[in-house]
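Hello,

Here is the structure I said I would pass on. Please open it first, then read my notes below.

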Amino acid sequence: MNVAVRSHAATQQVSEHFDVLIVGAGISGIGSAYHIEKQLPGTSYVILETQATFGGTWTTHRYPGIRSDSDLHTFGYSFKPWVGPPIATAEEILAYMKEVIDDNDIARHIRYKHKIMSASWSSERNLWTIEAVTTDTDEARTFTANFLWMCQGYYRHSEGYTPEWKGMDRFKGRIVHPQTWPDDIDLKDKRVVVIGSGATAATLVPNIADDCAHVTMLQRSPTYFRLGRNAIEIAEELRRLQVDEAWIHEIVRRKILFEQDAFTKLCLAKPEQVKKELIGQISAVLGPDYDVETHFTPSYRPWRQRIAFVPDADLFKGIASGKASVVTDEIECFVENGIQLKSGKLLEADVIVTATGFNLSALGDIAFEIDGKPLAFGDTVTYRGMMFTGVPNMVWVFGYFRASWTLRVDLVADFVCRLLGHMKAKGAKKVEVKLRPEDHNMPILPWIDPENFNPGYIMRNMNLLPKRGDKPEWQHSQDYWTEKNDIPKTDLDDKAFVYG
């Protein structure tokens, strides 16, 4: 459809109005919808989802072995007990989400195959106008909403991040990214190289090792991993005692969160001790003769990047068995039959998998306008990583790096429901956050302190993200254990909130 026809169709399309419009039917969007159902009965809302079904990340990623790298007792919702192993497959997570959708009558609010093209705020009307296109029929759809709830995540689902290496066009085999895993790929008896050292590579390697002739994890530098059983002993014991699952869920969540808090603090207070313990776990599996110093000893302190959990040490058992191996080196170029490394070594391959991360997409690749002017999201200052100066009636769900993403879904949802109730009580149609007089000389800093946390996908695109201040309320601290107390106590009549 050409632009002119689409524009005409849009003008003819009768817009639908909702109190709240949720962007995305992933773990954040479905959780947010639950809280609307329970806390704000009678509120009209719609969820717009680009994909053909719910699930977000767990629908996008289809590579072998796709699983959570957070435990499901905390990655699951606070209101819905998780009864399976703590590290879950995508299939198990999707089944869990479907139960939430079915049990709370959320399905009728979701519009699938709706790609949002633009979102425009009008101060004159105190209204968001959202233009969307259906991905199967290319029809225009127009929606208006009083409040916009951004639950689309932080990365581009349509394509993963793959660096441009010299000679990629010369390689005679196949290059794939885990985020767009092809259905027709056959790895049987193939020599496979997986480029990357994060949770995706650590999941993929052991799950394809039995099929491949050999699989090599090629990393530029090592990362940290935690090893353990894919089970929670206290949960197993409580089930043997036939304790109610809701009680088990709450007890296990509290235990895990307590231990995570202690571990995070220990990483900051005694990084060398933690480093020794983490690497010691790996040495115990790989044996004393394995070169752990080269391949599994990072140069940074623990928790400056996310630490992936490896259930039952499957990655390291695969390496110990000889079915998988690790090469720590840099890529010089691709050649016809593999990868030429800077050390001079040739890594032969039939298939190369680029497990090299995400492309950041702060606002879901949606063209935003505020009163006719394009929104420069990177010029705004964030209020607790949820709201943004100069952007009325909008909240973004951005989860935690050092704890489960979903913990913040529940926190933000409670905040939004309280905020919407407060606006109704005040008779306000609009709310935005503004720096207060006492914030006038506050230092304005990047979204996240790279000395605190510095994953590549954030560092590559920091300019796309909002700024933060040096006060707790003007930043996303990434500290769940503080936010769980502070956010519920937020004074909605503080001078930072401006109503209209």
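**Helix α9**

The buried residues of α9 are Val-274, Lys-275, Leu-278, Ile-279, Ile-282 and Leu-286. Buried means under 20% relative accessible area (1.4 Å probe, protein chains only). Helices here are DSSP runs (H or I, at least four residues), strands likewise (E, at least two), numbered from the N terminus.

This is a predicted model: local features need pLDDT of at least 70, side-chain atom pairs count only at pLDDT 80 or more, and totals for chains, interfaces and linings use all residues. Residues are numbered from 1 along each chain as its sequence is written, and side-chain values use heavy atoms, without hydrogens and water.

The cover over the buried residues of α9 includes β10 (225-228), α8 (245-269), α10 (292-295) and α11 (314-321). Helix α9 spans residues 271-286. Just after α9, Gly-287 has a positive phi of about 95 degrees.

**Helices α2 and α12**

α2 (residues 27-39) packs on α12 (residues 405-426) at about 35 degrees, with axes 9 Å apart. Axes are lines fitted to C-alpha atoms over the stretch in contact, and angles run from 0 to 180 degrees between N-to-C directions. Residues making this contact include His-35 of α2 and Trp-405 of α12. Contact means heavy atoms within 4.5 Å.

**Domains**

The assignment gives domain 1 (16-157 + 359-499) and domain 2 (162-356). Such bounds come from an automatic or database domain assignment. The domain centres, taken over C-alpha atoms, are 29 Å apart. Across the boundary, 41 residues of domain 1 contact 34 residues of domain 2.

Best wishes

Definitions and conventions
Expected span 1.5 Å × (residues − 1). Buried < 20%, exposed > 50% of the residue type's maximum accessible area, 1.4 Å probe, protein only.
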